[in-house]
Amino acid sequence: DLNVRIAAYAGVRPEECMFTNGSDQGIDLVVRCCCPTGSEAVIPSPTFAMYEQAAMTEGLVIKSPFFTRERGFPLEEVLATIGPRTSLVVLSNPNNPTGTAIPRDAILQVLERARHCAVLVDECYFEFMAPETSVKDEVARFRNLFVCRTFSKTWGLPSLRLGYLMSHEDNVRSLSSVRGPYDVNHLAAVAISAALSDPQYMRDFVEELNGRAKPLFEKFLQDSGVPFWPSSANYLFCYFQRPAELEARLRAGGILVRPKKDANGVPGLRVTVG
């Protein structure tokens, strides 16, 4: 059973886990099921666009404290923004596109403050970080916690669209009752089962990237005088001169990078290392 195998890999009980059509479906399910129209969503920015897209679809009011290169995760601002109208807090760990790690203790503080609403922690890049940084082992203690992950990143299987969501078993049961019956295809299920049978290739990739590829790119940026954010993922958010021109030239050469603006409106490029 695919769900049992995913739960075993993640280290949670099968009742606390459900596979999804990519992590996007998990995000969408949490927003649709937990957030009344007109309520508030706290989504620190800049971050993955899907969170705001799902929130706007449900008519939520978005509050966005800002990550900064100097201070990282804006814990105090997030805690101050959570109020009685808040129905959702989204924490991307590590954050996309900046690669900023959110300390586990900070996430626990948010969970304590936001017990009246859903807290969605996106751990799509968690394999690049130390295992103890995850909060998946808190789903039984915090019934408002939802953790989403994917097989698109470190496993290298994005086109198959398969992820998983972990939460208290009551939440998983409720979310499973509103999902579609045909939302994950059989090819994806077979491929993920095969990948889980031999996870060493994924671990080798992570070790090579963290130990060799990313440090080489960081040194290149430092030697070139290009500022960038400290990153706990497989990408770096960089401040190149004339970023729009560089992005266009890279795209013309078949290399895709992601343009994004920081809290001060300064444009940068998210460059994936591997």
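Here are some questions and answers about the domains, helices, sheet and backbone of this predicted model.

In this predicted model, local features need pLDDT of at least 70 and side-chain atom pairs count only at pLDDT 80 or more, while totals for chains, interfaces and linings use all residues. Residues are numbered from 1 along each chain as its sequence is written, and side-chain values use heavy atoms, with hydrogens and water left out.

Q: How far apart do the C-alpha centres of domain 1 and domain 2 lie?
A: The domain assignment gives domain 1 as 2-197 and domain 2 as 200-272; such bounds come from an automatic or database assignment. The distance between their C-alpha centres is 24 Å.

Q: How much area do domain 1 and domain 2 bury between them?
A: Buried area is the accessible area (1.4 Å probe) that two parts lose on being put together, summed over both. Of the area buried here, 64% is on carbon and sulfur atoms. In domain 1, R69, P97 and F128 lose the most to domain 2, together 36% of what that side buries. The total for the two domains is about 2000 Å².

Q: At what angle do helix α1 and helix α7 pack?
A: Helices (H or I, at least four residues) and strands (E, at least two) are DSSP runs, numbered from the N terminus. Axes are lines fitted to C-alpha atoms, for helices over the stretch in contact (heavy atoms within 4.5 Å), and angles run from 0 to 180 degrees between N-to-C directions. Helix α1 covers residues 2-10 and helix α7 covers residues 186-197, with their axes 10 Å apart. The angle is about 35 degrees.

Q: Which residues in α7 meet α1?
A: From the α1 side, the partners are L2, R5, I6 and Y9. Facing them in α7 are A189, I192, S193, L196 and S197.

Q: In what order do the 3 strands of the open sheet lie?
A: Two strands pair if DSSP finds at least two bridges between them. Here the pairing is antiparallel, and 4 bridges join β8 to β10. The edge strands β8 (235-238) and β9 (258-261) each pair on one side only. The order is β8-β10-β9.

Q: Which residue does a cis peptide bond join to S45?
A: Most peptide bonds are trans. In this bond, omega is about -5 degrees.

Q: What is the phi of R161 near?
A: R161 lies in the loop between β6 (145-150) and β7 (163-167). Its phi is positive, in a residue other than glycine. The value is near 55 degrees.
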